[in-house]
Amino acid sequence: LRSNHISAIFEDNSGIIWFATYGGGIQRYRKSENYFNNHIKWRDDDSGLSNDIVLSLSQYRDEIWIGTYRGLNIYNRKNNSYRRFFHEPKNPRSISNNIIRYIFPDGENRVLIGTDGGLNIFDSKTETFTTYSHQPGNKDSISSNTVRTIFRDKSGNLWIGTDNGIN
């Protein structure tokens, strides 16, 4: 491994295990070959990760979603290409923050993304985001803009873990 600081581990639908590292990009492990490779590294252009500090991994449809310290990266394995999403201060439909802490496909054709700027819901048709953020004095808003984890229980309830409690 390029880094021993592992921030996330994920197995895709083809059995490849992906390791997100803090400063070393992503490594993949193929069980059938007992082999690690340095699959994805940071690059200035769209041919790789937007940052080598990787915090989260997930799969939605046939793409690998990668949360970094500098934006959301979506890797298409079929054509070996990336789409990147960054916070754009003048665009309220962009992702709310570039620190992507958690990615959660919710099983209802949505991807929920926890950032340091609140909870984001990705619209795959328009490739835009709806943001839910902490609003002081509003008890119905999320308790913190730092969303660290997302979970759906067996009853269908969505749990949002933040730096200031559970919603």
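**Cores, strands and rings**

Tutor: The largest nonpolar core has 13 residues, and those that touch the most other members are Trp18, Ile26, Val54, Leu57, Ile64, Ile66 and Tyr75. A nonpolar core is a set of buried Ala, Val, Leu, Ile, Met, Phe, Trp, Tyr and Cys residues joined through side-chain atoms within 4.5 Å; buried means under 20% relative accessible area, exposed over 50%, and partly exposed in between, with a 1.4 Å probe and protein chains only. At least two residues of this core come from each of β1 (6-11), β2 (17-21), β5 and β6. A separate second core of 12 residues includes Trp65, Phe85, Ile113 and Phe129. In soluble globular proteins, nonpolar side chains tend to be buried together.

This is a predicted model, in which local features need pLDDT of at least 70 and side-chain atom pairs count only at pLDDT 80 or more, while totals for chains, interfaces and linings use all residues. Residues are numbered from 1 along each chain as its sequence is written, and side-chain values use heavy atoms, with hydrogens and water left out.

Student: In what order do the 4 strands of the open sheet lie?

Tutor: Strands (E, at least two residues) are DSSP runs numbered from the N terminus, and two strands pair if DSSP finds at least two bridges between them. Here the order is β5-β6-β7-β8, with antiparallel pairing. The edge strands, β5 (54-60) and β8 (81-85), each pair on one side only. Within the sheet, β6 (residues 63-68) and β7 (residues 71-76) are joined by 6 bridges; Gly67 has Leu72 of β7 as its bridge partner.

Student: How many aromatic pairs does the whole structure contain?

Tutor: Rings of Phe, Tyr and Trp (its six-membered ring) pair if their centres lie within 6.5 Å; planes under 30 degrees apart count as stacked, over 60 as edge-to-face and the rest as tilted. The search finds 8 such pairs. Tyr60 and Trp65 are edge-to-face, at 5.8 Å centre to centre and 90° between the planes.

Student: Why is the pair of Trp65 and Phe122 edge-to-face?

Tutor: Their planes stand at 80° with ring centres 5.1 Å apart, so the pair is edge-to-face. Because Trp65 lies in β6 and Phe122 in β11 (residues 118-123), the pair ties together parts that are 57 residues apart in sequence. Trp65 is buried at a relative accessible area of 1%, and Phe122 is buried at 4%. Ring pairs link Tyr60, Trp65, Phe85, Phe122 and Phe129 into a cluster.
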